[in-house]
Amino acid sequence: MTPRILIVEDSRTQALRFQLELQRCGARVDIARDGIQGWECAHALRPTAIVLDIDLPGIDGYTLCQRLKQEPATSAVPIIMLTHREDARSAQTGLEAGADDYIPKDEFAEQNLIESLRALGVLTQT
């Protein structure tokens, strides 16, 4: 089965950057541009995993993560926070909100994201 990954990211450039890498790994990738659209897409598309930015219009990533993890229909979906926030407090807040992993957007972000999705069983080795 082809994994379906939802990227919730307000930066078009960043969203496309990660979409291309995940498609190379065989995933089907959808993009939501803000927290409200992310919530709607998570319910409508039933993704295998969600890649979530923190600084989003509408609903911020922390709040969206917490709401998705509290909702029975989406509570089991792995969520990876992928953000420019690199401080320990932000990471702790993300993990406390229910994120399964927290990855800074640095030069290793694509590889770290792929490895995290593999560790979660979403992507397979290619």
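Predicted model: local features only at pLDDT ≥ 70, side-chain atom pairs only at ≥ 80, totals over all residues.
Residues are numbered from 1 along each chain as its sequence is written, and side-chain values use heavy atoms, with hydrogens and water left out.

**View 1. The open sheet has five strands in the order β2-β1-β3-β4-β5.** The pairing in this sheet is parallel. Strands are DSSP runs of E with at least two residues, helices are runs of H or I with at least four, and both are numbered from the N terminus. Two strands count as paired if DSSP finds at least two bridges between them. The edge strands are β2 (28-32) and β5, each of which pairs on one side only. From one strand to the next the twist averages 20°; the axes behind such angles are lines fitted to C-alpha atoms, for helices over the stretch in contact, and angles run from 0 to 180 degrees between N-to-C directions.

**View 2. Strand β3 (residues 49-52) pairs with β4 and with β1.** Four bridges join β1 to β3, and these strands run parallel. Val8 has Leu52 as its bridge partner in β3. Toward β4, the parallel pairing extends over three bridges. Ile50 stands opposite Ile79, Val51 stands opposite Ile80, and Leu52 has Met81 as its bridge partner. Between β3 and β4 the chain passes through helix α3 (residues 61-70), and this β-α-β crossover is right-handed; that is, with the strands pointing away from the viewer, the path from the first strand over the helix to the second runs clockwise. In a regular strand the side chains alternate between the two faces of the sheet. Ala49 and Val51 point one way from β3, Ile50 and Leu52 point the other way, and all are buried (under 20% relative accessible area; exposed is over 50% and partly exposed is in between, with a 1.4 Å probe and protein chains only).

**View 3. Strand β4 (residues 79-83) is covered on both faces.** Five of its five residues are buried. Ile79, Met81 and Thr83 lie on one side, with Ile80 and Leu82 on the other. β4 pairs in the parallel sense with strand β5 (residues 101-104) over four bridges. Met81 stands opposite Tyr102 in β5. The chain goes from β4 to β5 by way of helix α4 (residues 88-96), in a right-handed β-α-β crossover. Ser90 is found in helix α4 and is buried, with a relative accessible area of 7%. Ser90 and Tyr102 are twelve residues apart in sequence and 9.1 Å apart in space, C-alpha to C-alpha.

**View 4. The model has one cavity of 30 Å³ or more.** A cavity is a set of points, on a 1 Å grid over the protein atoms alone, where a 1.4 Å probe fits but cannot get out; lining residues have an atom within 4 Å of a point. Grid points are joined across faces, edges and corners, and a volume is the space filled by probe spheres set on the points. The lining consists of Ile7, Val8, Glu9, Gln14, Phe18, Val51, Leu52, Asp53, Leu82 and Lys105. Two or more of the lining residues come from each of β1 (4-8), α1 (12-24) and β3. By class, the lining divides into six nonpolar, one polar and three charged residues (Ala, Val, Leu, Ile, Met, Phe, Trp, Tyr, Cys and Pro count as nonpolar, Asp, Glu, Lys and Arg as charged, and the others, Gly among them, as polar).

**View 5. Thr2 and Arg46 are partly exposed.** Thr2 lies in the segment before β1 and has a relative accessible area of 49%. Thr2 and Ile103 are 101 residues apart in sequence and 23 Å apart in space, C-alpha to C-alpha. Arg46 is found in the loop between α2 (35-45) and β3, and its relative accessible area is 49%. Phi of Arg46 is near 50°, a positive value in a residue other than glycine.

Terms used. 1 Å grid on protein atoms, 1.4 Å probe; cavity = no way out; pocket = protein on both sides within 12 Å on 5 of 7 lines; lining within 4 Å.
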